[in-house]
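Here's a quick tour of a predicted model, written for someone who likes to know the cut-offs. Have a look at the structure first, and then we'll go through it piece by piece.

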Amino acid sequence: MGLKQAIIRTGLEALYFSGSHRWLRPFVGGVGAILTLHHVRPRRHDGFQPNRLREVTPRFLEAAIKTIRRSGIELVSLDEMHRRLSTGDFARRFACLTFDDGYRDTLRLAYPILRRHGVPFAIYIPTSFPDRLGELWWLALEAVIARKERIGLVIDDEDRRFDCRTVKEKQNLFDALYWWLRGRKTEEELRHVIRDLAARYGVELRAFCDELCMSWAEIAELAADPLVTIGAHTVNHCMLKKLGDEAARSEMRESAAVLEAALGTRPRHFCDPFGDPASAGPREFAIAGELGFKTAVTARPGVVFAEHREHLMALPRVSLDGEYQQRRFLRVLLSGAGTAVWNGFRRVDAA
Ligand SMILES: [Zn+2]
């Protein structure tokens, strides 16, 4: 568990056991929440699963839906959320379920549950994934470290060697390299390192698309269901803030154009890849608005307040993934207390 996860988890536990999420709720609960999910699949048993914080089990998803509804919260589409925010219709609290990246398990494992319960949901597709040109570099990094006991890398012009024999060493090395890569100044630099690493250690960088992501035909199958909203998520799943103005705009504009060409409908909602303040900021929020999206979501943690009507291109989300996969945490997250503590009780974070 990373330090950040440990802090959040400890905080959530403290909030849960103190019961303070109940009395905090009127102050921090907002009008609703947008929930983030990635993979939905059965738990695997390998020791080294650094990307596990991006998955929940089908059972957890179903339990989450029931918990949300039992709490009197309505599960609504992004369009309906947009309508409520624009018109100030906050009679009932809402939650939107959003699935990032278009993994095949969204169709195979999540969709049957969502359909059975009549739950609207959104999927954000980076178009290079169904085009089979995408680089899911975080999975390539995991694969290299999983297969090897020692890897070499040039870091700051220095040849470095890293041992990764034990699960613990692998986990530590993944965390260090993942955040080092996320910290590169440009997306190009990150991609250059990962392509070189994948090539040297026999990992087929583009194979992850075929293995894990929906094809265009599978996406079209989902898109035909009125419960489903297909949203844009750039072409290449880049940290937009690290691109120049033209490149950032083109990633956003092209992804909408490609989705429209493939599915016949222009996507009205956008999601910033990675979505933390280092990946998306005011420039991206402005471009999303100029391109005519109705909403754009980030990964900045938080629930939605009426004030977000003025910040529809910088909406926060609450992560349902991974480390917090317990129903008692869900209640705290939905109360807004967890993310309010994280945000220092600031409501809107659009800077
Ligand atoms: Zn994504």
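## Ground rules

Buried means under 20% relative accessible area, exposed means over 50%, and partly exposed is in between, using a 1.4 Å probe on protein chains only. This is a predicted model, so local features need pLDDT of at least 70 and side-chain atom pairs count only at pLDDT 80 or more, while totals for chains, interfaces and linings use all residues. Residues are numbered from 1 along each chain as its sequence is written, and side-chain values use heavy atoms, with hydrogens and water left out.

## The overall fold

The protein chain comes to 14 helices and twelve strands; these are DSSP runs numbered from the N terminus, with helices being H or I of at least four residues and strands E of at least two. Of its 351 residues, 56% are buried. Take the contacts (heavy atoms within 4.5 Å) with a separation of 6 or more: residues 24 or more positions apart account for 73% of them.

## The zinc site

Which residues hold the zinc ion? Its protein donors are Asp 101 (OD), His 233 (NE2) and His 237 (NE2), lying 2.1 Å from the ion. Donors here are N, O and S atoms within 2.8 Å of the metal (3.2 Å for Na, K and Ca), and since water is not among the atoms, sites may look incomplete. In sequence, the donor residues are spaced D-x131-H-x3-H. Asp 101 sits in the loop between β5 (94-100) and α5 (104-116), and His 233 in the loop between β9 (228-232) and α11 (245-263), so this pair, 132 residues apart, links distant parts of the chain.

Asp 101 and His 233 are both buried. His 237 is buried too, with a relative accessible area of 4%, and is found in the loop between β9 and α11. Its backbone is worth a glance: phi of His 237 is near 55 degrees, a positive value in a residue other than glycine. Arg 132, in the loop between β6 and α6 (137-147), also has a positive phi, near 65 degrees. Most residues other than glycine have a negative phi.

## Aromatic neighbours

The whole structure has ten aromatic pairs. Rings of Phe, Tyr and Trp (its six-membered ring) pair if their centres lie within 6.5 Å; planes under 30 degrees apart count as stacked, over 60 as edge-to-face and the rest as tilted. Phe 174 and Tyr 178 have ring centres 5.7 Å apart and planes at 20 degrees, so they are stacked. Both lie in helix α7 (residues 167-182), four residues apart, about one turn of the helix.

Tyr 178 also pairs with Trp 179: the centres are 5.0 Å apart and the planes at 85 degrees, so that pair is edge-to-face. Tyr 178 is buried at 4% relative accessible area, whereas Trp 179 is exposed at 53%. These residues belong to one aromatic cluster, together with Phe 48, Trp 137, Trp 138, Phe 174 and Phe 274.

## Helix α10

Which residues of helix α10 (residues 216-223) are buried? Glu 218, Ile 219 and Leu 222 are. What covers them includes α5, β6 (121-125), β9 and α11.
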